[in-house]
Structure formats: C-alpha cells, structure tokens
Amino acid sequence: MDGGIPLNGEITVAGAKNVALKACVAAILTDELVVIHNVPQIRDVEWMLEVVKSLGITITRNENTIKLKSSGNLLSRVPMEYGARLRTSAMVIGPLLARTGEAKIPNPGGCRIGARPIDRHIEGLKQMGAVIEYNPEDGYFYARAKKLEGVVIDFAKNTHTGTETMILAAVLAKGTTVLKNAAAEVEVDDLIKLLNGMGAKIRRVNDREIVIDGVKKLHGTEFRIMPDRNEEVTWAIAAAVSSGEVIVRDSRLEYLGAFIKPFVQAGGRVEKIDETTTKYSRERRDIQSVDIITAPYPGFMTDWQAPWAVLMTQANGVSTIHETVFESRFSYVGELKKMGAMIDFYDPVVTNPESYYNFNWTDRVDDYHQGIRISGPIALHNAVVTIDDLRAGATLILAALTATGESYIHGAEQVDRGYEKIEVRLRRLGARIRRVYE
Ligand code: EPZ
C-alpha cells in the first residue's frame with residue numbers, strides 16, 4: 001500500500017466484534033430462534049460460528065444478520081482446533097453447564113497478547129457449584145454441574161469476558177448471583193440488553209455491580225449489536241495521521257470520552273454532525289505529544305494504544321504509553337521501528353504492581369515491559385512488516401498510510417479477524433491499498 005495520501009470521505013462503523021462473539025454464545029441458552037443484526041463479517045465471528053455449530057446450533061447467515069437455532073440436543077465438547085484459535089470460544093462453558101450440565105473446552109488460544117488465562121472464569125463457575133478439572137495431557141477443561149447456584153462473586157481484578165462468562169452462567173442458575181467489581185465495559189451492557197431481551201433478569205445496580213436473578217427458561221429474540229468502539233478510534237486516528245477528513249457513521253461519541261480528550265489535546269479535531277455522525281480530522285499541522293495510560297472502561301482502552309502509537313510517531317517530542325491491562329501488547333513496536341519510528345521500552349515505576357496491573361503479575365515474563373517512549377515527529381518510510389495481533393494489524397496499516405512509499409504488510413488475515421473488508425473500506429476513503437495473495 002502507498003502512504004502519504006490524505007483520507008477523505010465517509011465510513012460506517014461495523015458492529016462490535018466483542019459483542020457479536022458473545023451473542024453467538026448467548027444463543028446456546030435457548031432452543032428458540034435468535035436473530036442478530038449488525039454482525040461484522042470478520043474471521044473471529046466465522047470462527048465462533050464454527051464453535052457453536054459444532055455444539056449442534058444451526059446457523060443461517062445473510063450479510064450482517066445471523067440466525068441461530070439450537071436443535072434441542074446440544075453437544076458439550078468444543079473441538080480442540082476451534083478452541084485453540086479463538087480464546088473467546090471458552091465462554092461457551094457457562095451456557096453448556098446451564099443447558100446440559102457438562103462442558104469440555106480446550107484451554108483457550110486466541111490473540112497472542114500475553115498468557116490470557118481464564119482462571120477468573122473457572123474460579124467463578126466453581127463458586128456456582130461447577131466441578132472443573134484441567135487435564136494437561138489433552139489441554140481440556142472438564143466441567144460438570146447438576147444445577148448452577150447463584151452466588152456473590154467479588155472479582156479481585158477487572159475482567160471483561162470473565163464478567164460476561166458469569167452472566168451467561170447465572171441467567172439460568174438457581175437463585176440470585178451478585179457480581180462485585182464487575183467489568184464496566186459498554187459491550188457488557190449490550191450483552192445484558194440481548195439477554196434481558198431473551199427473558200433474563202439482569203440489572204447493573206451501579207458502575208461495578210451486576211445482579212442476575214436466575215430464571216427457568218430463556219426465549220428467542222431479535223437484536224442489533226452496538227457499533228465497534230475500536231473501529232471508530234481506528235478511523236479517527238486514520239484521519240488525523242493522514243491529514244484527511246473522515247465522516248464516521250454509526251458513531252458513539254458517548255463511549256469514547258477517554259479517547260476524545262487526548263485526541264483533541266494532541267491536535268485532532270472532532271465535530272459532532274448529529275447523534276450518530278462524527279467528523280474526524282486534524283486541527284493543525286503539528287501534533288502534540290500526549291502521554292497515555294491504558295485502563296479498563298471508562299479509561300483509555302488497551303485496544304486503542306497501538307493505533308495511538310502511530311499518531312504519536314507524528315507528534316512533537318517524547319510521549320509515553322503505559323499498558324496496564326495486558327502483560328504483552330507491544331508486538332507492533334518492532335514493526336513500527338522497521339518503518340523508522342523511534343520507540344524504546346521502559347519500565348514505569350509502580351509502587352505495588354501486583355494489584356496495580358490488571359493481568360496476573362505471575363504471568364509476566366522477565367523481558368516484558370509495560371511502557372514505551374515514542375520520539376517524534378518522524379517521517380515514517382515504507383517497509384515490509386508482519387502482523388501478529390489484530391489491533392497491531394490495523395496499526396501497521398495506519399502507519400503505512402502515513403509512511404512515504406509503498407509498504408508490504410504480511411499477515412492481513414490477522415486484521416480480517418477484527419475489521420470487516422478493511423482494504424475495501426479504506427480504498428473508499430482514497431487510500432491506495434490492495435490485497436495480494438502470497
Ligand atoms: C476483552 O478481553 C476483549 N476481548 C479485549 O479485546 C479487550 O482488550 C479486553 O477485554 C479489555 O477490554 C473480548 O471481549 C473477546 P480481561 P479479555 O478479561 O476479556 C487477565 C480485541 O482485540 N485475565 O478484561 O481477555 C487477562 O489476561 C480484544 O478485541 C486473567 O489473567 O480481557 C488480561 O491481561 C483484545 N485471568 C487482563 O486480565 C482471567 O481469568 C484483562 O483481561 C481473565 C483475565
């Protein structure tokens with residue numbers, strides 16, 4: 001792809017990947033038809049549909065709408081190859097226990113951003129009465145439960161999908177489940193809306209507490225997924241780094257507070273056209289360096305820090321990114337340096353890292369660093385780079401848009417995991433980008 005060309009035009013944010021995946025899992029909870037609209041056409045959704053199909057769910061799909069219907073006799077084992085490639089597939093454990101009383105799921109693989117175990121999910125389910133053993137021989141969790149019981153679970157640390165796993169397990173459990181220190185991500189609230197539409201009784205009593213009253217049965221529903229916050233941030237940064245002007249449809253500014261503030265501080269321009277349309281561009285020629293610390297919602301999302309790094313390569317002076325959610329989310333740094341970026345790692349001083357960081361401190365590997373320093377402005381040049389995590393993928397595409405010359409990006413299929421038809425949509429904004437098959 002060729003860089004240095006301003007992006008101009010309109011783009012519509014696709015449905016949120018991190019809701020679509022859980023909507024597929026929620027369909028296991030009923031034998032009735034579940035219809036989901038605004039589903040992004042991305043590989044992670046394809047893979048999740050494979051997982052639920054392997055359990056006996058019938059799928060029909062038309063563009064961005066999928067219909068899911070359980071055949072009545074659910075299987076309870078996820079094939080290793082499906083579980084290994086999509087970490088989120090482990091989330092079927094709750095609904096399988098609720099519907100069949102057993103679940104056999106492979107230890108999750110998914111993105112390569114750190115260890116990403118599911119200990120908080122397993123612990124929570126055990127508290128609800130599930131018996132779960134892990135067999136290191138075959139890499140499977142073997143779970144069974146006569147009837148899950150409502151409990152009070154107080155998460156030691158924030159967990160987005162851990163909170164969702166407990167919700168998916170509690171909706172058909174006996175009695176009431178209370179989740180304390182529950183995740184506040186808006187995608188969790190979208191899943192709650194979907195489940196309540198199926199007859200569940202879930203309410204968020206305050207920012208960090210969710211109460212679920214178990215019910216006997218859930219019925220079918222029709223639901224439209226919210227737009228993807230990570231996509232919108234990617235398009236906003238694309239506009240700024242290319243000195244273009246991008247009008248974003250299905251925008252949700254109300255969910256992006258932690259991004260808009262530093263974006264405007266850096267020199268980005270945000271114009272609200274109407275309730276769901278926002279125009280992103282650049283206020284002025286020079287970009288200001290702004291330090292970022294990632295955090296669970298409502299903080300600066302960990303998924304936004306990679307594209308943000310590209311913007312900071314164009315900023316005057318030194319900026320830092322301190323990643324506090326995952327223990328290894330800087331895989332893109334080496335690739336950006338091939339394009340001329342001046343980035344080095346550093347270890348932010350933190351008084352009590354065990355409780356400060358959102359990941360399990362014991363999962364850390366020695367040479368990991370939680371901080372990077374970016375010096376700018378640097379004119380990035382073209383390079384041959386490789387992608388190995390989907391948000392890093394979008395980042396390298398943004399960097400190539402900024403760089404002079406033609407860049408070659410290996411691993412586009414990683415980007416396809418989270419972004420629908422990315423090159424087609426960027427071409428509509430004037431980007432000179434094409435997909436070549438190796
Ligand atoms: C979800 O990941 C999202 N994935 C991530 O998006 C997102 O970055 C993250 O939440 C933060 O919002 C999906 O929804 C499918 P966590 P998740 O549980 O649930 C550790 C993307 O690109 N942890 O809040 O894995 C974990 O390893 C993806 O769309 C445990 O150690 O995030 C991580 O370091 C990337 N044990 C930290 O806690 C557990 O049982 C936060 O994890 C659970 C989590």
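A residue counts as near a molecule if one of its heavy atoms lies within 4 Å of it. Select the ligand and show the residues around it, 28 in number; K22, D119, R120, T159 and T161 come nearest.

This is a predicted model, where local features need pLDDT of at least 70, side-chain atom pairs count only at pLDDT 80 or more, and totals for chains, interfaces and linings use all residues. Residues are numbered from 1 along each chain as its sequence is written, and side-chain values use heavy atoms, with hydrogens and water left out.

Next, pick K22. A polar atom of its side chain sits 2.8 Å from a ligand oxygen. Move to T159: a side-chain N or O atom there is 2.7 Å from an oxygen of the ligand. At T161, the distance from a polar side-chain atom to a ligand oxygen is 2.5 Å. The ligand alone exposes 820 Å², and the protein buries 98% of that (Shrake-Rupley areas, 1.4 Å probe).

Color the helices (DSSP runs of H or I, at least four residues). α1 (17-26), α5 (119-127), α6 (160-170) and α13 (390-402) each give two or more residues to the ligand shell. By class, the shell holds seven nonpolar, 10 polar and 11 charged residues.

To see the lining of the second largest cavity, select A16, K17, N18, H160, E187, D228, R229, N230 and M301 (lining residues have an atom within 4 Å of a point). α1 and α8 (229-241) each supply two or more of the lining residues. That lining divides into two nonpolar, three polar and four charged residues.

How values were computed:
Polar contact = N/O pair within 3.5 Å; in protein donor to acceptor, adjacent residues only side chain to side chain. Nonpolar A, V, L, I, M, F, W, Y, C, P; charged D, E, K, R; others polar. 1 Å grid on protein atoms, 1.4 Å probe; cavity = no way out; pocket = protein on both sides within 12 Å on 5 of 7 lines; lining within 4 Å.
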